[in-house]
Amino acid sequence: MSIEKLARQTVQELVPYESARRIGGKGEVWINANEAPDCSEYQLNCDRMNRYPEFQPPEVINAYASYTGLNTDQVLATRGADESIELLIRTFCEPGKDSILICPPTYGMYSVSANTCGVDIKTVPLQANFDVDYQAVADNLDSVKVVFLCAPNNPTGNMLDTKQLKQLLESAKDRALIVVDEAYIEFCIDQSQVELIEHYENLVVTRTLSKAFALASIRCGFTLAQPSVIEMMKKVIPPYPVPGPVAQIASQALSTGGLHIMEQRVTTLNALRREALAQLDSLECVTELFPATGNFILARFVDSKLAFATLAKAGIIARDFANKPRLENCIRITIGNKAEMRATIKALAAL
């Protein structure tokens, strides 16, 4: 028997998630992974590198609870928001019996994590304007234990309607968790759904330090929910999910000074995003611009293959979504620094 045949059937058939780093590319301007264009400096104390870290480092949990206005028993630190996605599926879905529900086009890791866990996937496509079809989601909750909604949605940028989300939470009560993925929420913080956690036991919000906090490299994320959900996830999460160096850096990033730096970064990137939107809108090669709410813009081109090749020739690596259903001729552009955005617009203007 080959090693391939030893693997689970679902893994043999699995199409892995293609991260930006996995896809790769050659160039000097990287606007393909929704990373921040700058990096802060941090101090590390190496005195306890020989010891296992705290299961949930108090300094990190306390800081993030304070930042979000929640209690510490409503916060779980994970290895990026990606671990939270898989933990939720492993904790609440019975393989071969339960399902998750997703609303494509959206973040690809929801379906990959479900497949690796042997959990079925139901899909309720986004509406024509790429907003969530809340009634259709509510009508398709049979066998569903976890619903994933991304806001800002990656890659389309759409946000959630709080009134309709509340109605969905009521419909899903005692049936399913509604998970709101807020990886990019710092760029539109006034539209966060965190305040609803107090009122809905089946609401879960996932967050990350990878985007606005410019800490993609340390892989630190958070799950926010009522204590009953957090306690169930703590039964499943590995024993040391937050490495010591990660905890040190995260706590510095969540300090008063660190939060101020993050907020300044958000202000700068949002201004650059508005400028880039106006410039893209003036280009004849662009036919549609999607809602821009995170640190990225999804644009539809007359010929995305030509646009992508033109960017690549200029040493600019963007993210191609043209092969995704309903996203024909679409390219996602991360908001980089001023020089990177200038180079990107200049390359596209040549078309």
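This is a predicted model: local features need pLDDT of at least 70, side-chain atom pairs count only at pLDDT 80 or more; totals for chains, interfaces and linings use all residues.

Mentor: Buried means under 20% relative accessible area, exposed over 50%, and partly exposed in between. Leaving aside residues up to four places away in sequence, Thr-344 touches Ile-31, Leu-311, Ile-316 and Ile-333.

Arg-326 is not a glycine, yet its phi is positive, at about 75°. Asn-329, likewise not a glycine, has a positive phi of about 65°. Arg-326 counts as partly exposed, with 28% relative accessibility, and Asn-329 counts as partly exposed at 27%.

Two further backbone features lie in other loops. Pro-104 and Pro-105 are joined by a cis peptide bond with omega of about 0°; Pro-105 sits in the loop between β3 (99-102) and α6 (109-116). Ala-151 and Pro-152 are also joined by a cis peptide bond, again with omega of about 0°, and Pro-152 sits in the loop between β5 (144-150) and α8 (162-171).

Turning to the chain as a whole, its secondary structure comes to 13 helices and 13 strands. The radius of gyration is 20 Å, close to the 20 Å that the globule rule gives for 351 residues, so the chain is as compact as a globular protein of that length. Along its principal axes the C-alpha trace spans about 55 × 55 × 50 Å. Of the 351 residues, 51% count as buried. Among contacts between residues at least 6 apart in sequence, 71% join residues at least 24 apart. The chain exposes about 16600 Å², of which carbon and sulfur atoms supply 50%.

The largest has 91 residues, and Val-137, Leu-149, Leu-165, Leu-209, Phe-222 and Leu-224 touch the most other members. Helix α11 (residues 256-281) gives the most to this core, with seven residues. Apart from this core lies another, of 26 residues, among them Tyr-107, Ala-114, Leu-177 and Ala-225. Leu-165 has contacts that include Tyr-134, Leu-149, Ile-178 and Gln-193. In helix α10 (residues 244-253), the buried residues are Val-246, Ala-247, Gln-248, Ile-249, Ala-250 and Ala-253; their cover includes α4 (58-68) and α11.

Finally, the cysteines deserve a remark. The structure holds zero disulfides. The sulfur of Cys-117 is 8.2 Å from the closest cysteine sulfur, in Cys-93, which is too far for a bond. Cys-220 is in no disulfide either, and the nearest cysteine sulfur, that of Cys-39, is 15 Å away. Cys-117 counts as buried at 15% relative accessibility, and Cys-220 counts as buried at 1%.

Note on methods. Residues are numbered from 1 along each chain as its sequence is written. Side-chain values use heavy atoms; hydrogens and water are left out. A disulfide is a pair of cysteine sulfur atoms within 2.5 Å. Buried means under 20% relative accessible area, exposed over 50%, partly exposed in between (1.4 Å probe, protein chains only). Contact means heavy atoms within 4.5 Å. Helices (H or I, at least four residues) and strands (E, at least two) are DSSP runs, numbered from the N terminus. The radius of gyration is taken over C-alpha atoms; the globule rule is 2.2 Å times the number of residues to the power 0.38. Accessible areas come from the Shrake-Rupley method with a 1.4 Å probe; for residues, only the protein chains shown count as cover. A nonpolar core is a set of buried Ala, Val, Leu, Ile, Met, Phe, Trp, Tyr and Cys residues joined through side-chain atoms within 4.5 Å.
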